[in-house]
Amino acid sequence: MSQSRTRHEELMEQARSLIPGGVNSPVRAFGGVGGTPVFMERAQGAYLWDVTGKQYIDYVGSWGPCILGHATEKVINAIKAAADKGTSFGTATAAEIDMARRVIELVPSIKMLRLVNSGTEATMSALRLARAFTGRDKVIKFAGCYHGHGDSFLVKAGSGATTLGTPTSPGVTPATASDTLIAEFNDINSVKELIKAWPDTITAVIVEPVVGNAGVIPPVDGFLSQLREVTSEHDILLIFDEVMTGFRLSPGGAQQLYQIMPDLTTLGKIIGGGLPIGALGGRRDIMQMLAPAGRVYQAGTLSGNPLAVAAGLTTLNELCPATYDLLEKRAAQLEAGIRANLEKLSLPYRFQRIGSMACLFFTNRPVRNYNDALSCDTDSFARYYHAMLSNGIYLPPSQFEAFFISITHSEEDIEKTIAANYDALKSCPS
Ligand SMILES: *Cc1c(COP(=O)(O)O)cnc(C)c1O
């Protein structure tokens, strides 16, 4: 077979020889759907253009940050204006105060804020802080929730329901993993059992209040409030990892939508407006323990970087009730269209959505936890994915990721997507 290679294949070959796996973050490598990743060159609004000039309607949005669409004029201008004054000072800046004030105004439970450089740093630091505050070591996380690549979170359940966690990656020590316990999302009893099995040893429960890293899994009624109750009862801190949901599901994130006050919150993605930032915030008594106010060490050469703060703050300042109305309108249009397609084609797949986060699960059962998500037919998803891609629709290249709608997706973009979805579903029967 002497088919000529595509530009993407050529680039991937070069990339593979210089960068492990050819990418700087694993999911970009298309491992979940097979084939060669598309090398992108440019983005504007709801669109991406690849290195061959092909245009796509984008539902990845840089994995969440681009709620206003790509290359928003105001954001780009704010970055340019900041860059003109210098890219990094390694000193205190006034813009960081504006950023902290804005986030504290928006997110109900946050009384003080620390800026870091990624979501991973935010969750790692939040866990260290929780341990220092409570004097306890173990953390409960939920199967299928992603909290970045810190050692403590690269952990899966041990052999029994209440046994210690084991590493999911070489290089994470069994000792570190043994401080992480795994519960089942949407199952409050799994949390209660762990608390009972490990009395006075659990520092925190960390959760994605809406799971967005195993597809999209909303909490069932009462789950988050029960989580709040049971953690308070046992002096365990509740950490909401809102790196994805923060500013996306409402101006105040999932905690505002579901009216729950966590003790600590981690942020990332939208808060940087497409530049690298993360943040952690929460109760004043806990946050005051961070150095140099307190003794819990946490630092960063580029933390509070002026370009990232300018991009993030400009993005946050653009968010208003009309933003969320528009996101809901477009996302509901997409949902209605895809559901109608599934019905017309008599396919049992599940479309799950909350606000502008959505996922089409290739399974016939409702997805309430990670195990349900694992029941998906990933081969059918892969065929569907490539049919969508060749039709110019750029979805996250994995069954276990959320797709995101931005305010720049037009009614017409959504209509095109629904039509492509129909054709793709029709051409890839299970
Ligand atoms: C993306 C994500 C992270 C990790 O953030 P990075 O900036 O990629 O380190 C952590 N938690 C959640 C919920 C995320 O979606």
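Strand 4 and strand 12, residues 278-282, pair in the antiparallel sense over 5 bridges. Within that pairing, leucine 113 is opposite glycine 281 of strand 12. Before I go on, please keep in mind that this is a predicted model.

So which sheet holds those two strands? They belong to an open sheet of 7 strands with mixed pairing, and the order is 4-12-11-10-9-5-8. At the edges stand strand 4, at 112-116, and strand 8, at 180-183; each has a single partner strand, so one side of each is left without a neighbour in the sheet. On average, and ignoring direction, neighbouring strands here are turned by 20° against each other.

Next, the helices on this sheet. Helix 4 is residues 119-134, and it lies across strand 4, strand 5, strand 9, strand 10, strand 11 and strand 12. Relative to strand 11, at 264-267, helix 4 runs at about 165°. Helix 7, residues 223-233, also packs on the sheet, where it touches strand 5, strand 9 and strand 10. The direction of helix 7 makes about 145° with that of strand 10.

Now the ligand. Which residues surround it? The list is Ser118, Gly119, Thr120, Tyr146, His147, Gly148, Glu208, Asn213, Asp241, Val243, Met244 and Lys269. By class, the residues of this shell divide into 3 nonpolar, 6 polar and 3 charged.

A backbone N or O atom of glycine 119 lies 2.8 Å from an oxygen atom of the ligand. Lysine 269 places a polar side-chain atom 2.6 Å from an oxygen atom of the ligand. For aspartate 241, an N or O atom in the side chain is 2.7 Å from a nitrogen atom of the ligand. As for cover, the ligand on its own has 380 Å² of accessible area, and the protein covers 83% of that.

Glycine 119 is in the shell, and helix 4 spans 119-134.

Strand 13 is joined to strand 14, residues 357-361, by 5 bridges. Arginine 350 has phenylalanine 361 in strand 14 as its bridge partner.

Last, two backbone details. Most residues other than glycine have a negative phi, and most peptide bonds are trans. Where does the model depart from that? Phenylalanine 247 has a positive phi of about 70°, and it lies in the loop between strand 10 and helix 8, at 253-258. The peptide bond from alanine 291 to proline 292 is cis, with omega near 5°. Proline 292 is in the loop between helix 9, at 284-287, and helix 10, at 306-318.

Definitions and conventions:
Residues are numbered from 1 along each chain as its sequence is written. This is a predicted model: local features need pLDDT of at least 70, side-chain atom pairs count only at pLDDT 80 or more; totals for chains, interfaces and linings use all residues. Side-chain values use heavy atoms; hydrogens and water are left out. A residue is near a molecule or strand if one of its heavy atoms lies within 4 Å of it. A polar contact is a pair of N or O atoms within 3.5 Å; within protein, one must be able to donate a hydrogen and the other to accept it, and residues adjacent in sequence count only if both atoms are side-chain atoms. Accessible areas come from the Shrake-Rupley method with a 1.4 Å probe; for residues, only the protein chains shown count as cover. Ala, Val, Leu, Ile, Met, Phe, Trp, Tyr, Cys and Pro count as nonpolar, Asp, Glu, Lys and Arg as charged, and the others, Gly among them, as polar. Two strands pair if DSSP finds at least two bridges between them. Helices (H or I, at least four residues) and strands (E, at least two) are DSSP runs, numbered from the N terminus. Axes are lines fitted to C-alpha atoms, for helices over the stretch in contact, and angles run from 0 to 180 degrees between N-to-C directions. Contact means heavy atoms within 4.5 Å.
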